[in-house]
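Have the viewer open, and I'll point out a few places worth a visit.

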Amino acid sequence: MPKLIKDGSIVENTWIFIAKPEGDIAALEVPAGQVIIPVGTWLAQKETLQTRADIGVWLDSDDSAELIGAEANRFAVIGVNFPLFMDGRSFSTARLLRERYGFTGELRAVGNFIRDQLCYLRRCGVNAFAFANPETNLEDAVKSLQDFQEYYQASVDQPLPLFRRRA
Amino acid sequence: MYIYDEYDNSILRQRIAQFRGQTERFLAGELPPEQFLPLRLQNGLYVQRLAPMLRINVPYGMINSTQIRKLAHIARFYDKGYCHVSTRQNIQYNWPDLTEVPDILSELADVGMHGTQSSGNCIRNTTSDQFAGVAPDEIIDPRPYCEIIRQWSSFHPEFAFLPRKFKIAVTGSTRDRAAVQVHDIGLQVVFNDKGEVGFKVFVGGGLGRTPVIGVAIRNFLPEEDLLSYLEAILRVYNLYGRRDNKYKARIKILVRALTPEVFAQKVEDEWQHLKDGSNKLTRTEIERAKGFFTAPAYETIDNSAAQAVVDAQAADSVAFSKWLQRNVREHKIPGYAAVTLSLKPTGVAPGDITDSQLEIIANLADEFSFSEARTTHEQNIVLADVKKTELFNLWQKAKAAGFATPNIGTITDIICCPGGDFCSLANAKSIPIAEAIQRQFDDLDYVYDLGDIDLNISGCMNACGHHHVGHIGILGVDKAGKEFYQVQLGGSASNDASLGDVLGPSFSAEDMPTVIQKLVDVYLVNRTQEELFIDTYRRIGAAPFKEKVYAKAN
């Protein structure tokens, strides 16, 4: 079973990631078991899927947090995708899910983000990291979570900016 | 100026450790070049035509003599004995060895300097007025706000992978010397009618391929809301700015696509969620920041007595009087003056400075200006707090070191990017054009008679030489593999900001000095007594200039 980094440890990935289909996203057939599905599929099939507890959703970088903001806490897992590591929209989406919509479940980075983004992602509220690249060395990558231990800005992990904490 | 405390130092050390690790992984082949690219850029490291280029931030242009000596040491020990003052008040080294960059950054950190976010798609070094704190026309000193922005923007976790680079400039004077209307965000510190401090906020200005003058989206933002409002703008940009085409990714394109009204509304909506959060500035923090920019230990000086001394010295020396006229400015404190050391003598690439010259500047700063200096976006160095009675002494020392060319603000005080001699983006060389024009205008009396003329040269449309806002702007273009130069007239980076108009077909390098001479001739023939070049151009338009320059030879 593939692994991922969660809350600073390397653990089994028990959720299946469902990619966007070639065709109609609304008509995607959602398999049984713990699955993370595209937000478009969720929105289209909400009526039938909402009884399932084993549904997670993922937002692509051009999907707004608002799409699921109000109901975020019904999901155990929400994914934020990085189609390319340079596409930084999901940093904002992650913060919005945590700070504006109060999401408390697993917030998982998925896709092509890189190890060197882990610290900033953690600061934006992401607590799980499923690298698309299967060759990523997770033991090494986990070290980058702590690239910084002190910060100027307020963010999810440290809600007070340095100027409110400075002795 | 701002002094790093244990927090600033520890954050900077963590950054250097991070970058050292990244460099090692790159050199070991564990970090692919395309992933290392944005990481090295965000630490100031470019890979250029001939060698890497390392850009070191000078936050809003403020630098002290200890830092200048460190820059000299880096130039001597790690580079070829010189560096370059950029058009955004930063310092650039052209020949560092990639493997030594972490060591260079570590040495710089010893004096509170770094290359963090001096490049890449992130929030860049905030720029400001080189006469901040000393200009007689200043309303409020912008530097405490610049420092507050520096801290907020450094290592911001949400905004390190923006659609494109992002530049903020702040001015606090009546006359804008920071060109705030050609920045992604321009802030003008103002008082409202109740006497409270705040900002007029411009967005969407910029040069580059699509030059645009910024639009004001808020006429008064209370000072305590500075960071929450900036965060709202950046979030809207990060989420909605275009990412499909790097040439359409700057915030100016988004502002134009949405219309300024809709953009402003989106920012307003986002800000409503953020404005009462923990980013709201406290009185304590604003006062703490202001505490770093208090007046130095000025002496009480009788200004008219001091001026009499200077006047007598000037009467004895024409050269000194010329220098006073061009390179010395009024100061808000009686008996003091602000001096600009020219880095534009003919024959030296504009903004270039050697290791030993840096050390001389450090000594001059210690002797004459409370150990501080400022870099300017016109690529010169300012000693901001010089006693008038010391001007003659300073002038002699500056002259001996080659910094006393009395050309500040004139046609030979050229803003110029490194161009095709160094930069891999450039279409054409820019430094030799600057030199040829300086040689054309080698008669100082003639140059003085021309008055203030901003002549700006960029080697490509990325516009690092700010050619769009030069009274005369020159742009290097490539035509079938040959270098040509397009001329623009009528730009301005001041309060009356405007973009230059293209004159017509481009010229060869050899023609450029004559072309500029003809433009100046048209001005001389048409000007009224009070008019500067830009005024005459605005009054008579492009036609007479075109006629002269493109006239068929008889």
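This is a predicted model: local features need pLDDT of at least 70, side-chain atom pairs count only at pLDDT 80 or more; totals for chains, interfaces and linings use all residues.

1. Let's start where the two chains meet. Chain A puts 30 residues into the contact and chain B puts in 28. On the chain B side, the elements giving two or more residues are helix H1 (6–27), helix H2 (33–41), helix H5 (143–153) and helix H6 (226–240). Which of them gives the most? That's H1(B), with six residues.

2. What is the chain B side made of, by class? You'll find 13 polar residues there, along with 11 nonpolar and four charged ones.

3. Now move over to strand E9 of chain B, residues 197–203. This strand is mostly covered, with five of its seven residues buried.

4. E9(B) has a strand partner in E8(B), residues 185–191: the two run antiparallel and are joined by seven bridges. If you want a pair to click on, Leu187(B) has Val201(B) of E9(B) as its bridge partner.

5. Follow the chain from E8(B) to E9(B) and you trace a hairpin, with five residues between the strands. Take a look at Gly195(B) in the turn, where phi is positive at about 85°.

6. E9(B) also pairs with strand E10 of chain B (residues 215–222), again in the antiparallel sense, over five bridges. Here the pair to find is Val203(B) and its bridge partner in E10(B), Val215(B).

Definitions and conventions. Residues are numbered from 1 along each chain as its sequence is written. Chains are lettered from A and ligands numbered from 1 in the order in which they are written. Two residues are in contact if their C-beta atoms, placed from the backbone, lie within 7 Å. Helices (H or I, at least four residues) and strands (E, at least two) are DSSP runs, numbered from the N terminus. Ala, Val, Leu, Ile, Met, Phe, Trp, Tyr, Cys and Pro count as nonpolar, Asp, Glu, Lys and Arg as charged, and the others, Gly among them, as polar. A residue is buried if 20 or more other C-beta atoms lie within 10 Å of its own, exposed if 12 or fewer, and partly exposed in between; C-beta atoms are placed from the backbone. Two strands pair if DSSP finds at least two bridges between them.
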